[in-house]
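Subject: Structure handover

Hi,

Here is the structure I promised you. Please open it and keep it beside you while you read the notes below.

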Amino acid sequence: MTVDALGTLVRMEPPAPHLREQLRRVAGVEVSEERAAKAFGDEIAYYLRHHLEGRDPESLSELRDRCAGVLRASLELERVDLAQIREALLSSLHFHAFEDARPALEELRAHGLRLVAASNWDASLPEVLERVGLAGLLDGVVSSAMVGVTKPAPELFRAALSIAGAPPDRALHVGDSLENDIAGASRMGMRAVLVARDGAGPGADGVPVIGALTELPRLLSDA
């Protein structure tokens with residue numbers, strides 16, 4: 001089984017309030033919540049366009065410097081040292097495992113399934129999953145930056161399936177995006193399950209929809 005990370009295994013706290021707190025701490029700067037939210041939006045947009053460039057520790061560090069530069073420019077804080085902005089940025093990113101992630105992975109492993117995270121992320125994904133306590137329940141981690149392409153491209157799924165040791169027609173992918181996860185996996189010949197935690201939005205034709213990862217073991221047993 002392959003599984004998406006952000007929105008499926010992990011969530012991120014809203015970063016703007018943390019950014020305001022961190023800017024006060026590291027630089028003695030006060031910004032409004034509206035400005036912080038806009039600046040983080042600008043930084044995230046830049047990151048999404050360039051995250052493939054963060055393929056190893058060195059290139060990831062360079063990418064983070066550029067992201068900090070985008071944040072500093074958006075906040076009009078050019079007088080503040082870039083290292084301080086970078087520290088505030090990284091300290092504002094708080095990831096947590098969803099409450100259902102660990103029990104679901106534990107039960108799936110107990111059934112003998114190999115589990116590989118496959119997500120659009122930079123090279124820090126293994127570290128993030130380690131910090132939230134899920135890495136030990138996975139047989140491998142593949143990020144788009146490691147492979148050089150983003151989902152729904154097939155190369156990322158192929159890399160994950162190689163680690164899992166399973167052909168597409170014997171594998172299942174779980175994720176929260178109809179295009180990146182469901183369509184991408186389906187085009188590979190994999191089965192797919194959509195995670196819709198808020199209960200909103202229809203799934204693709206014939207694709208099961210679950211509201212929590214803990215529904216997966218029973219779904220697989222019924223299938």
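**What I found**

Start with Leu-213. Leaving out residues up to four places away in sequence, Leu-213 touches Thr-8, Leu-9, Asp-100, Ala-101, Ala-104, Val-174, Val-195 and Arg-197. Keep in mind that this is a predicted model.

Where does Leu-213 sit? Its place is the loop between strand E8 (209–210) and helix H10 (216–222). Is Leu-213 buried or exposed? Its relative accessibility is 2%, so Leu-213 counts as buried; the cut-off for buried is under 20%. For a sense of scale, look across to Ser-144. Leu-213 and Ser-144 are 69 residues apart in sequence. From C-alpha to C-alpha, they are 23 Å apart in space.

**The strands**

Strand E7 covers residues 191–195. Of its 5 residues, 4 are buried, so the strand is largely enclosed by the rest of the structure.

Which strands pair with E7? One is E6, residues 172–175, which pairs with E7 in the parallel sense over 4 bridges. In that pairing, Leu-172 stands opposite Arg-191. Another is E8, which also pairs with E7 in the parallel sense, over 2 bridges. Here Val-195 stands opposite Ile-210.

Now trace the chain from E6 to E7. Helix H9 (residues 178–187) belongs to this stretch. E6, H9 and E7 together make a right-handed β-α-β unit.

**Helix H2**

Next, find helix H2, residues 33–50. Its 18 residues reach 26 Å from first C-alpha to last, close to the 26 Å expected at 1.5 Å a residue.

Which residues of H2 are buried? They are Ala-36, Ala-39, Phe-40, Glu-43, Tyr-46 and Tyr-47. These residues cover an arc of only 125° around the axis, so they lie on the same side of H2. Turn to the other side of H2 and you find Glu-34, Lys-38, Leu-48 and Arg-49, which are exposed. What covers the buried residues of H2? The cover includes helix H1 (15–27), H3 and H4.

Leu-89 gives a view from H4, the helix it lies in. Leu-89 counts as buried because its relative accessibility is 2%. Setting aside neighbours within four places in sequence, its contacts include Phe-40 and Glu-43, both among the buried residues of H2. Leu-89 is also in contact with Leu-19, Arg-64, Cys-67, Ala-68 and Leu-71. Thr-150 is 61 residues away from Leu-89 along the chain. Their C-alpha atoms are separated by 24 Å.

**Two backbone details**

Most residues other than glycine have a negative phi, and most peptide bonds are trans. Two spots deserve a look for that reason.

The first topic is phi. Glu-76 has a phi near 55°, a positive value in a residue other than glycine. Glu-76 lies in the loop between helix H3 (57–75) and helix H4 (82–91). With a relative accessible area of 59%, Glu-76 is exposed.

The other topic is the peptide bond. A cis peptide bond joins Lys-151 and Pro-152, with omega at about 15°. Pro-152 is found in the loop between helix H7 (144–147) and helix H8 (154–164).

Best wishes

Terms used:
Residues numbered from 1 in each chain as written. Predicted model: local features only at pLDDT ≥ 70, side-chain atom pairs only at ≥ 80, totals over all residues. Heavy atoms only, no water. Buried < 20%, exposed > 50% of the residue type's maximum accessible area, 1.4 Å probe, protein only. Contact = heavy atoms within 4.5 Å. Pairing = 2+ DSSP bridges. Right-handed = clockwise from strand over helix to strand, strands pointing away. Expected span 1.5 Å × (residues − 1). Arc of directions from axis to C-beta.
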